[in-house]
Amino acid sequence: NEEILTVIKGIYPVLIRIYKEYFAWENKRVDKINLLKAKSEEGFWAFLRDFEIYPGMITKTLGNSLWSQILDPENNDIRGNLFDNDSWLKTKDAGILFKFTKFCQILVKIAFLSNKQPSQENKNLKKISQVQQFISFLERLEFSRGMAKFAKQGQRFIPKQILEKVFFY
């Protein structure tokens with residue numbers, strides 16, 4: 001969905017800061033890939049906890065499954081043509097193993113999965129578009145305790161011009 005990519009481009013500065021905070025070692029030269037994998041997985045879980053994604057939106061089993069899928073080069077379930085080409089990035093893709101584009105992919109996947117979990121509220125809503133699901137997910141992140149480190153006081157994580165393009169019914 002091109003609209004999702006537009007949203008990601010709009011919040012790129014905040015997303016890259018979050019990525020660099022939780023996966024700082026991904027941008028350093030590493031001799032042992034297993035050490036990098038373990039540190040990045042630790043950063044992944046710290047991110048999920050700080051941004052109240054785990055346990056609030058997804059289960060530990062689902063988190064482990066997503067982590068395994070995103071690192072498996074043979075797995076096409078989590079990849080999509082949206083991120084197959086990293087030309088949308090302003091610079092070279094950050095990271096070695098868990099690259100910035102993979103971070104964005106996993107955010108999109110979590111957004112869709114967290115909106116599919118059954119709840120009375122979701123049963124009463126009309127089917128919402130993928131970009132609306134993603135924006136809704138980002139709004140939940142915006143009010144998490146993890147975002148306090150990255151958003152300036154009084155500044156919205158999702159710029160107003162992006163919110164104006166998405167209509168909720």
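## Helices H3 and H4

In this predicted model, the axes of H3 and H4 cross at roughly 140° and come within 12 Å. Angles over 145 degrees would count as roughly antiparallel, so H3 is oblique to H4. The crossing of these two helices is right-handed.

On the H3 side, the contact is made by Lys37, Ser40, Glu41, Phe44 and Trp45. Their counterparts in H4 are Lys60, Gly63, Asn64, Trp67 and Leu71. Sorted by class, the residues of this contact are 4 nonpolar, 3 polar and 3 charged.

## The loop between H3 and H4

H3 covers residues 33–50 and H4 covers 60–71, with Pro55 in the loop between them. The peptide bond that leads from Tyr54 into Pro55 is cis, and its omega is near 5°.

Glu52 lies in the loop between H3 and H4 as well.

## Helices H1 and H8

H1 runs over residues 2–10 and H8 over residues 130–142. Their axes are 8 Å apart, and the two helices pack at an angle of about 30°. Because angles under 35 degrees count as roughly parallel, H1 is described as roughly parallel to H8. The crossing of H1 and H8 is right-handed.

From H1, the residues in contact are Glu3, Ile4, Val7 and Ile8. They meet Gln130, Val131, Phe134, Ile135 and Leu138 of H8. The contact of H1 with H8 is made up of 7 nonpolar residues, 1 polar and 1 charged.

## Aromatic pairs

How many aromatic pairs does the model contain? With ring centres required to lie within 6.5 Å, the count comes to 17 aromatic pairs.

Terms used: Residues numbered from 1 in each chain as written. Predicted model: local features only at pLDDT ≥ 70, side-chain atom pairs only at ≥ 80, totals over all residues. Heavy atoms only, no water. Axes fitted to C-alpha atoms, helices over the stretch in contact; angles between N-to-C directions. Helix = DSSP H or I, 4+ residues; strand = E, 2+ residues; numbered from the N terminus. Parallel < 35°, antiparallel > 145°, perpendicular 65-115°, else oblique. Left-handed = near helix turned anticlockwise from the far one by under 90°. Contact = heavy atoms within 4.5 Å. Nonpolar A, V, L, I, M, F, W, Y, C, P; charged D, E, K, R; others polar. Phe/Tyr/Trp six-rings, centres within 6.5 Å; stacked < 30°, edge-to-face > 60°.
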